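Trainee: I have a structure open and would like to go through it with you. Could we take it topic by topic?

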Amino acid sequence: MALLKKFINDELPLAFVWLILGLFAGLVYAVEMLGLDGAQTLLSPERARSLHISQMLYGFFPLMLSLLPFALFQKEGVLSPIAIGHLRRYFVVWNLFLLFMSMALLFGNIRGLPFYDFPYQLNFLLAFSGVFYLLALVDALRRYEKRPLWVNISLLAVIAAPIALVVLMNPQYGQVEQTLVGPHGDNTLGMSFALLPIYYLLIKLTAVQEFTPKRHWLWIIPLVGYAVSLIIRNFFHSLSYQEEWIFQYLTLLYLPLLWGWLRDSGVGFKTNPYLILSIGAFIFVDLQGNFLFIPEIRALIHRNDLVIGHAHIAMGVGVAFMALAILHHLLPELFRRVYAAAWTVLMALMAIALSMAGLIEAKILVGNVELFLAIRALIGAVLVILVLRIAYTRLRVPLDTPLKFYHLSGLLSDAGGGVILILGGAVLFPLLGFHFSGTYEYIVFAFMIGTGMVHWAGLHYDPQRMASLSAAIRAVCAAVFIALYMAGSLDGIALLVALYDISFALVYWLILRGSD
């Protein structure tokens, strides 16, 4: 397990950045629903919501989920350093996608879509990352004398995924575009089916006894139903409510299938609590979703907060815990059982609060919607703190030298300050009496984050070399800002930035250079 464990450990810091960013955007949106005015920042309500959903769907959780076949390869002794190298390249490209996607959404390049709001062209970056993923997969496959069933399933999924991504997300003819309005039971059927191979692989990974999947008819019938729905919707006519209802209720066949797989594998809560809770959430959401699809009920609550609570259980526990089940299997000392319990309780309370708000909005109950939305925001804040606690356990480093304190200060002031200014500079600058054009300033803020990342490297790798590099960068920036200030091209903020940067550089050159 050492190869994959080291790889995950190396990739977790950046992955935690995406997770915290997505959760924080959701928290900001929840507070904005209570009256906070964020319209002048990059986290206006529509942008915060879009960033939250997109990071949950494309950030930390899918990245960790993609490690599942390689955890099985590790278990079966066919994972090599060559495959890990391809996997690193895959992570590089996917992380670039997440960076570009986040910036596109923050700067308002959104499309008003529920599942993927970022520019369609970025899908090609995801498809490109799949090339390296496929190379990593092929390296492991060629080490088998005879490929087992689960390997063939993984290979098929990896080959099909990039094609499906580009086709189904297409703005003109994609399936996602076809199901934005009206009921979408066939889409639910397809999305639910996509989780079955992942559950199969997770159960195989954590099985405590020989596991052979049975009862194939329970997934074949829904798959055929989904194929029929696609043909009808795309080549004949829009599906009627009755047709949608038939496809929606086929998802109930997944429940005895998953129960049978768990029983046959011997997997229980003590084996992997994240996996059991994920399947429990899947069962709950399936039953609740079919109940909510009843026309008379759906007419009352569709698109209100009850449905949002339903989605939070589906994604926040069901899908999220699939990824965390892998991490618990590989890093149980970091992703502990107590976190699984705490996370589940928080998401359940959030879903209850949203459901109560939805029932009030549907006039089924009488009460104060804002109270339950405030509870939602409070629970979201606690969830962010929980994730920060997990991240801190992984990210903490011993601050045993003055130079490490120097790097920590630079990381917090530059990277932290840069993030705050990117998100809220348009409000903060006028409050402090400075002009804000909304163009070049963002480039400066991004450069601040880059300088902070140099200090991050100084905390973990070569403190002296990274400090020397950051001091040189600061000196050059200070000289330019001073020149522009004295020429009258920039106002007093340029002078402040120059004084800050040159002071920080001089602390290293005059005091800390050469120290341990």
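Trainee: How many salt bridges does the structure hold?

Mentor: The structure holds twelve salt bridges, where a salt bridge is a side-chain nitrogen of Lys or Arg within 4 Å of a carboxyl oxygen of Asp or Glu. Please keep in mind that this is a predicted model, in which local features need pLDDT of at least 70 and side-chain atom pairs count only at pLDDT 80 or more, while totals for chains, interfaces and linings use all residues. Residues are numbered from 1 along each chain as its sequence is written, and side-chain values use heavy atoms, with hydrogens and water left out.

Trainee: OK, which residue does glutamate 11 form a salt bridge with?

Mentor: Glutamate 11 pairs with arginine 88, and their closest N and O atoms are 3.8 Å apart. This pair links distant parts of the chain, since glutamate 11 sits in helix H1 (residues 2–32) and arginine 88 in helix H5 (residues 81–106), 77 residues apart. Helices here are DSSP runs of H or I with at least four residues, numbered from the N terminus.

Trainee: And is glutamate 11 buried or exposed?

Mentor: Glutamate 11 is buried, because its relative accessible area is 15%, and buried means under 20%, exposed over 50% and partly exposed in between, using a 1.4 Å probe and protein chains only. Arginine 88, at 28% relative accessibility, counts as partly exposed.

Trainee: Which residues are linked in a network of salt bridges?

Mentor: Lys6, Asp10, Glu11 and Arg88 are linked in such a network.

Trainee: What about arginine 142, which residue does its side chain meet in a salt bridge?

Mentor: Its partner is aspartate 139, at 3.0 Å from N to O. Arginine 142 is exposed, with a relative accessible area of 55%, whereas aspartate 139 is buried at 4%.

Trainee: Switching to helices, at what angle do H13 and H15 pack?

Mentor: Helix H13 (residues 273–292) and helix H15 (residues 305–330) pack at an angle of about 155°, with their axes 8 Å apart. Axes are lines fitted to C-alpha atoms, for helices over the stretch in contact, and angles run from 0 to 180 degrees between N-to-C directions.

Trainee: So how is H13 oriented relative to H15?

Mentor: That angle makes H13 roughly antiparallel to H15, a label given to angles over 145 degrees, while those under 35 count as roughly parallel, 65 to 115 as roughly perpendicular and the rest as oblique.

Trainee: Last one, where does valine 427 lie?

Mentor: Valine 427 lies in helix H18 (residues 402–431), and at 31% relative accessibility it counts as partly exposed.

Conventions: Helix = DSSP H or I, 4+ residues; strand = E, 2+ residues; numbered from the N terminus.
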